[in-house]
Amino acid sequence: MKIIVYAPNNADSLLPLLEAGLPHGIELIPCRSRGDVTAQASDADGFVVTGGGMPDADLLEELPKLRWVQIMSAGADKLPLEELRKRGIRLTNAKGVHQIQMSEFALLQMLQWARRADLHFSNQLDKRWGKRVSSGELHGQTVGILGTGSIGQAIAAKAQAFGMRTLGYNTSGRSELHFDAVFQGPDGLLSVLGDSDYVVVIVPSTPDTQGLIGKEQLQAMKPSACLVNLARGTVVSEPELIAALQNGTIAGAALDVFEVEPLPPESPLWELPNVLITPHVAGSSPHYNERAAGIVRENLRRLAEDPESPLQNEVDLSQGY
């Protein structure tokens, strides 16, 4: 099998991780540009992609033998899923490699808000001894986690360690580890939002989750609540969120993702005192490539044994996750 590894920014560090224990008969072709890909495309069986090199419909046309795509991220929303489905191309992702760092990041954002770290840092910059900053605790608070997959479960486990009550929202209503209760459906979503002091958004980006949090949902939240969005910017209506933050519908937000990235300088979010902004870094980790490479190697092993065998983290192309 001939496998293209499209890694524009990290080919040198990624290739040795993928080559470790590589099954016999598999050839990895490193590509650092789209031109490199097209030069190798005609007889490629697989396509491993990292960073900003997601294959679009035009590139897929140049890969006539392609039967498997492995993305080194969890979200498949930037891929032409219908084209993959029509051609019978299997898609696998890196689900599971984010749960440690993103759950830590979610707790960081909640702790920052509870303990008002932003105000203490501002006082530090102004050389002001601000002992009158009012802060709270996570203990005894309720966190609503929208999305109960591996990341959501890891967030819930850490939140319970802080003495928090954990509510989950998913599409199935299936109970999950570390959740005190799990809800589904529009009414279930409103129940979670209304009961939560913190709402962490970690749902996958699909057509069904676009605009999941809009005016009605924000109005259902407590005026004292904080929204933490680690999913995609399009899951939360940004204009409605800005209005809710400006008029006190909710107390604050910690945002790692935005409708347009980088966040434009003219966005009102930059100037709001009740917003914590980070530049889509919740999933970053020095161990990311190592963890993701393990999934790729396992799928290469399975494909080498039997091209029709079940693959790790195979994406349902009709649902997008």
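In this predicted model, the buried residues of helix H1 are covered by, among others, strand E1 (2–6), strand E2 (27–31) and helix H11 (288–305). H1 itself runs over residues 11–19, and its buried residues are Ala11, Leu14, Leu15 and Leu18. These four span an arc of only 105° around the axis, so they sit on the same side of H1.

Helix H8 (residues 185–195) can be read in much the same way. Here the buried residues are Gly188, Leu189, Val192 and Leu193. Their arc around the axis is only 135°, which means that they, too, lie on the same side of their helix, H8.

Next comes a pair of helices. Two packed helices are described by the angle between their axes and by the distance between those axes. For H5 (residues 99–115) and H7 (residues 150–161), the angle is about 50° and the axes are 8 Å apart. That angle makes H5 oblique to H7, and the crossing of the two is right-handed. On the H5 side, the contact is made by Gln99, Ile100, Met102, Ser103, Glu104, Ala106 and Leu107. H7 brings in Ser150, Ile151, Ala154, Ile155, Lys158 and Ala159. Sorted by class, the contact of H5 with H7 holds eight nonpolar residues, three polar ones and two charged ones.

Two single residues round out the picture. Asparagine 123 belongs to helix H6 (residues 117–125). Is asparagine 123 buried or exposed? Its relative accessibility is 8%, and because buried means under 20%, asparagine 123 counts as buried. Leaving aside residues up to four places away in sequence, asparagine 123 touches Arg128, Gly130 and Val133.

Proline 207, by contrast, is exposed, with a relative accessible area of 73%; the cut-off for exposed is over 50%. This proline 207 is found in the loop between E9 and H9. Compared with valine 182, proline 207 is 25 residues away in sequence, and the two are 22 Å apart in space from C-alpha to C-alpha.

Terms used
Residues numbered from 1 in each chain as written. Predicted model: local features only at pLDDT ≥ 70, side-chain atom pairs only at ≥ 80, totals over all residues. Heavy atoms only, no water. Axes fitted to C-alpha atoms, helices over the stretch in contact; angles between N-to-C directions. Parallel < 35°, antiparallel > 145°, perpendicular 65-115°, else oblique. Left-handed = near helix turned anticlockwise from the far one by under 90°. Contact = heavy atoms within 4.5 Å. Nonpolar A, V, L, I, M, F, W, Y, C, P; charged D, E, K, R; others polar. Buried < 20%, exposed > 50% of the residue type's maximum accessible area, 1.4 Å probe, protein only. Arc of directions from axis to C-beta.
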